[in-house]
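Reader: Could you take me through this structure, beginning with the charged side chains?

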Amino acid sequence: MREIELSYTVEPPAEQLRERLTPHSILEYADVYEIRSCESTGDGAEATVAIDDTEMTVRFSELENGYEYRFVDGGMFEERYSRVIVEDGEEARVTATARYTFDSIWSFVLDRLGAKTVRRELELTITNLLEDVAGSETVDDGPETMDDGD
């Protein structure tokens, strides 16, 4: 399993960022999925998305300061868990995390190859959230990147 985490310290207040954070907006901000449906459920939301006509189901759970979500069927992942959270402080901190492994006998190779794509998805999610809240506002120091060292 591979893990990628990006964290940005940003100027917009955490409350403004969390107001824009929804299951639909997270998928939209990632800029890689065709959103076919996104509906509220009793404990979160469930979405159907597609990449190159491959459909996947994504289940969201609301957290106190963001969302966690899992790809539960379809697609190329054996397992995929992601989380986007916004923390308060002197400045807000937005953190996006993804843990994943591919559904293949070659997953140990694919996990490494997919890291760039997953990292880009997380970067776009945060960047598009910030742009949605603050127009052309940019992050202060860029991302602080943490992964499993590969």
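Author: Arginine 70 and glutamate 79 form a salt bridge, with their closest N and O atoms 4.0 Å apart. A salt bridge here is a side-chain nitrogen of Lys or Arg within 4 Å of a carboxyl oxygen of Asp or Glu. Please note that this is a predicted model, in which local features need pLDDT of at least 70 and side-chain atom pairs count only at pLDDT 80 or more, while totals for chains, interfaces and linings use all residues. Residues are numbered from 1 along each chain as its sequence is written, and side-chain values use heavy atoms, with hydrogens and water left out.

Reader: What does glutamate 121 pair with?

Author: Glutamate 121 forms a salt bridge with arginine 80, the closest N and O atoms being 3.0 Å apart. Glutamate 121 belongs to helix 3 and arginine 80 to strand 6, so this pair ties together parts that are 41 residues apart in sequence. Helices (H or I, at least four residues) and strands (E, at least two) are DSSP runs, numbered from the N terminus. Glutamate 121 counts as buried at 6% relative accessibility, and arginine 80 counts as buried at 1%.

Reader: Let us change topic. Which residues touch the most other members of the largest nonpolar core?

Author: Leu17 and Phe60 do, in a core of 37 residues. Helix 3 gives the most to this core, with seven residues. A nonpolar core is a set of buried Ala, Val, Leu, Ile, Met, Phe, Trp, Tyr and Cys residues joined through side-chain atoms within 4.5 Å.

Reader: What is phenylalanine 60 in contact with?

Author: Leaving aside neighbours within four places in sequence, its contacts (heavy atoms within 4.5 Å) include Pro23, Ile26, Leu27, Tyr67 and Tyr69.

Reader: Where is threonine 95 placed?

Author: Threonine 95 is in strand 7 and counts as buried, at 7% relative accessibility. Beyond four places in sequence, threonine 95 is in contact with residues including Glu5, Leu6, Arg83 and Val84.

Reader: And where does glutamate 91 lie?

Author: Glutamate 91 lies in the loop between strand 6 (77-87) and strand 7 (92-102). Glutamate 91 is partly exposed, at 42% relative accessible area. The C-alpha atoms of glutamate 91 and alanine 14 are separated by 8.0 Å, although the two are 77 residues apart along the chain.

Reader: Finally, what does the secondary structure come to?

Author: The protein has three helices and eight strands, running β-α-α-β-β-β-β-β-β-α-β from the N terminus. Of its 150 residues, 43% count as buried.

Technical notes: Buried < 20%, exposed > 50% of the residue type's maximum accessible area, 1.4 Å probe, protein only.
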